[in-house]
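I opened a new page for this protein. My plan is to look things up one at a time and write down what I find.

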Amino acid sequence: MSKSLFFSALVVALAVAGPASADLRMCNNTSSRVSVALAYTDGQEWVSEGWWNLKSLDCVTLLRGALAAQYYYVYAMDERGGEWKGKAFMCTSDREFKIQGRKDCFVRGYDRTGFFEVDTGKDAKSWTVQLTDQATPSNP
């Protein structure tokens with residue numbers, strides 16, 4: 001018997017007061033360990049990189065410094081098979097990776113994975129993405 005568990009990502013902007021550092025952070029507010037991949041544009045081309053492994057109730061900095069873009073893309077999976085995914089396809093690998101470009105993933109020996117979009121707003125300098133698990137009824 002399988003039980004449906006839907007996952008949500010809660011995206012929260014951090015208010016920066018004083019000389020606090022500006023970063024893109026990820027927090028795992030679930031009861032499971034998660035692996036996270038991040039994709040962004042460096043101004044020239046797309047870059048995807050991973051994996052950050054976060055234990056339950058842990059946070060990690062994905063990018064240090066003031067945010068350079070409005071949109072970032074995230075994919076995460078937990079040890080129970082749950083995923084946080086979307087429709088923005090990027091290249092990934094099973095092992096630690098940093099991949100330039102998002103085209104021809106399979107031809108280049110990579111996987112093609114759907115990332116969800118994180119809109120940090122036009123002027124954000126810091127941002128935290130919070131992964132949460134949320135049980136919902138499975139009514140078709």
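Does D104 count as buried or exposed? I looked up its relative accessibility, which is 52%, so D104 counts as exposed. The model I am reading is predicted. The cut-off for exposed is over 50%. D104 sits in the loop between β9 (97-100) and β10 (111-119). I also noted its phi, which is positive at about 55° although D104 is not a glycine.

L57 is not a glycine, yet it has a positive phi of about 60°. I found L57 in the loop between β4 and β5 (58-64). Its relative accessibility is 67%, so L57 counts as exposed. I wrote a reminder beside these angles: most residues other than glycine have a negative phi, and most peptide bonds are trans.

Entry on a peptide bond. Going from G50 to W51, I found a cis peptide bond, with omega near 5°. W51 belongs to strand β4 (residues 46-54).

Entry on the overall layout. How many helices and strands does the protein have? I counted zero helices and eleven strands. Written along the sequence, the pattern is β-β-β-β-β-β-β-β-β-β-β. I then looked at contacts between residues at least 6 apart in sequence, and 70% of them join residues at least 24 apart. Of the 140 residues in the protein, 40% are buried.

Entry on D23. I located D23 in strand β2 (residues 23-28). The D23 side chain does reach the backbone nitrogen of G65, at 2.9 Å. Leaving aside neighbours within four places in sequence, I listed contacts of D23, among them T61, L63, L67, K125, S126 and W127.

Entry on confidence. The mean pLDDT of the protein is 82, and 80% of its residues reach 70 or more. Where is confidence lowest, and where is it highest? It is lowest in strand β1 (residues 6-13), at a mean of 43, and highest in strand β8 (residues 88-92), at 97. Over residues 10-20, pLDDT stays under 50, and the model has 13 contacts beyond four places in sequence for them. Residues 135-140 also stay under 50, with five such contacts.

How values were computed. Residues numbered from 1 in each chain as written. Heavy atoms only, no water. Helix = DSSP H or I, 4+ residues; strand = E, 2+ residues; numbered from the N terminus. Buried < 20%, exposed > 50% of the residue type's maximum accessible area, 1.4 Å probe, protein only. Contact = heavy atoms within 4.5 Å. pLDDT = per-residue confidence, 0-100. Polar contact = N/O pair within 3.5 Å; in protein donor to acceptor, adjacent residues only side chain to side chain.
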